[in-house]
Amino acid sequence: MSELFPLSVKGAVTRRHGKVLVGPVDLELDGAGTCVILGPNGAGKTSLLRLLHGTARLHAGEITWGCGTEAARNAQAFVFQRPVMLRRSVGENLAYPLRLRGTPRTEARARARDWAARVGLSGLFDRQATVLSGGEQQKLATARALIGDPGLLFLDEPTASLDGRATREMEEILAKARANGTRLVLSTHDMGQARRLADRVIFLLGGKVHEEGAAEGFFSAPRTPEAQAFLKGDIVE
Amino acid sequence: MIDLWEGLRQAFWLVATADPELAEIALRSLRITLSALVLACLIALPLAALLAVKRFRLRRTVIAILNALMGLPPVVVGLVVYVILSRSGPLGALGLLFTPTAMIIAQMIVIVPLIASIAHQSLRELWHEYHDLLISMNVTQGQKMRTLLWDARRALLTAALAGFGRGIGEVGAIMIVGGNIDHVTRVLTTAIALETGKGEFALALALGFVLIALAIAVNLTIHWLGQTEREGRW
């Protein structure tokens, strides 16, 4: 288990313009497996991910890590729903996090080449990242997040705009990352994906954790009527 | 119309015969403006990046002032620099008045706000695009600024070229602090002003055409070096 964990969230609240987006939330996360955040639109999935990652302001409560907050920030990465590409080549995008940490240029480039091969982007290594397809950009963003060997990777609906093939490739990358010891916390609307990837599920509703537990139990016997309705595909508010 | 043709003819003749005086003035113009441009970029680009990424209380005011200073009257800049560098001024002991250095300082002051404002516009847009990624990567302010400046370098070239354009065509400030001394501080613009004053319109026009050609040549060279229009760069 990474020293990052356990992650402990107590009464955490984040607001925007006075409106509570998420909270109060109480959670405990250990350092194993994949945690999937589910919930209808507007439930606060993205806000919860950002709050845990430290890019949304914590207005109340506390979030503590096994290591210090600053060390925790440097040991995690985030993949956005709409990948943000630096206006550089694929290789330079991959090498960027390493260069930020002072890795020598040649070593960073070698590792970037290795990661480009792992995610099937070798042929596009010198191509401008901004001209890649959506699926390629998402793979690149994920590889760029993983290249620094983070203990924890947050992904905000990473396959929301991808076709079936690109989704499968992304899930393979995530499975390998998980096997290498990276803890994954991702939000998704894709129930099939949630069933395939999740070890644990957090079901959000109205900015609060409505139900959470082992994925098997959640999908086979959800405890609350709202979770049951959500899994059936009914509209949940 | 006759003056225009005569000016063209003289310009062609001056260039074709590699007139030594013209070459000396043109080279001095280039040297002064390029020096001012490099110094101005060293100040304006980091300032623009800082204004893009750093939030502080008077940020909007600083940006508004910077934008307003784009229209800074060169004559006033020249006057202020003159007062500061004159014998009785605070920097009079340096003996810089009526030297190319004084002209470089004046030009630099004129073009810093222009370069900083145009650069800030580009960097602000790029920061908007990169914000979430760089925040999530927990990068330092310095790293943010360096990333923006590097990734926006082609847009920043445009800002620098605008600064060059303003500098090479500037006459008011450098006339006051340089004094238009032959073989010392005479540049193309001050020479044009002098020839016009003497009624030598054809020669003034010839110098003007050379000035325009020089500005175009420098712009094309920088574009070519920066490969700004190469297909598929972005």
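# Asking how we know

Q: Where is B:Asn138 found?
A: B:Asn138 sits in the loop between α5 and α6 of chain B. Keep in mind that this is a predicted model.

Q: What makes B:Asn138 count as buried, exposed or partly exposed?
A: Count its C-beta neighbours: there are 18 inside 10 Å. Buried needs 20 or more, and exposed means 12 or fewer. The value 18 falls in between, so B:Asn138 counts as partly exposed.

Q: Which residues is B:Asn138 in contact with, leaving aside its neighbours within four places in sequence?
A: Its partners are A:Arg73 and A:Asn74. For a contact, the C-beta atoms have to lie within 7 Å. Compare that with B:Gly95, 43 residues apart from B:Asn138 along the chain: here the C-alpha atoms are separated by 48 Å.

Q: How many residues of chain A are in contact with chain B?
A: On the chain A side there are 15, and they touch 14 residues of chain B. Helices α2 (69-74) and α3 of chain A each supply at least two residues of the chain A side. By class, that side has 7 nonpolar, 5 polar and 3 charged residues.

Q: Why is helix α3 (residues 90-100) of chain A called largely enclosed?
A: Buried residues make up 9 of its 11, so the rest of the structure largely encloses it. Among them are A:Val90, A:Gly91, A:Leu94 and A:Tyr96. Each one passes the cut-off of 20 or more other C-beta atoms within 10 Å. What covers them includes α4 (105-118) and α5 (134-146) of chain A. Just after α3(A) comes A:Gly102, with a positive phi of about 85 degrees.

Q: What makes α5(A) and α6(A) roughly parallel, and not oblique?
A: The axes of α5(A) and helix α6 (residues 164-179) of chain A come within 10 Å and cross at roughly 10 degrees. Angles under 35 degrees count as roughly parallel, so α5(A) is roughly parallel to α6(A). On the α5(A) side, the contact is made by A:Gly135, A:Gln138, A:Lys139, A:Thr142 and A:Leu146. The α6(A) side brings A:Ala166, A:Glu169, A:Met170, A:Ile173 and A:Ala177. The contact residues divide into 5 nonpolar, 3 polar and 2 charged.

Q: How many helices and strands does the secondary structure of chain B have?
A: Chain B has 10 helices and 0 strands. Its C-alpha atoms fill a box of roughly 65 × 50 × 25 Å. Of its 234 residues, 39% are buried.

Q: How do you know that β1 and β2 of chain A pair?
A: Strand β1 (residues 7-16) and strand β2 (residues 19-29) of chain A share 7 bridges in the antiparallel sense. At least two bridges are needed, so these strands pair. One example is A:Leu7, whose bridge partner in β2(A) is A:Leu29. The two strands form a hairpin with 2 residues between them, and A:His17 in the turn has a positive phi of about 50 degrees. β1(A) also runs antiparallel to strand β4 (residues 60-64) of chain A, joined by 4 bridges. There, A:Val9 stands opposite A:Ile63.

Q: What makes β5 and β9 of chain A edge strands?
A: The open sheet has 6 strands in the order β5-β6-β7-β3-β8-β9 (chain A), with mixed pairing. Strands β5 (76-79) and β9 (208-214) each pair on one side only. Neighbouring strands of this sheet are turned by 15 degrees against each other on average, direction ignored.

Q: In which sense do β6 and β7 of chain A pair, parallel or antiparallel?
A: Strand β6 (residues 152-156) and strand β7 (residues 183-187) of chain A pair in the parallel sense, over 5 bridges. One of the bridge pairs is A:Phe154 with A:Val185.

Notes. Residues numbered from 1 in each chain as written. Chains lettered and ligands numbered in written order. Predicted model: local features only at pLDDT ≥ 70, side-chain atom pairs only at ≥ 80, totals over all residues. Axes fitted to C-alpha atoms, helices over the stretch in contact; angles between N-to-C directions. Contact = placed C-beta atoms within 7 Å. Nonpolar A, V, L, I, M, F, W, Y, C, P; charged D, E, K, R; others polar. Parallel < 35°, antiparallel > 145°, perpendicular 65-115°, else oblique.
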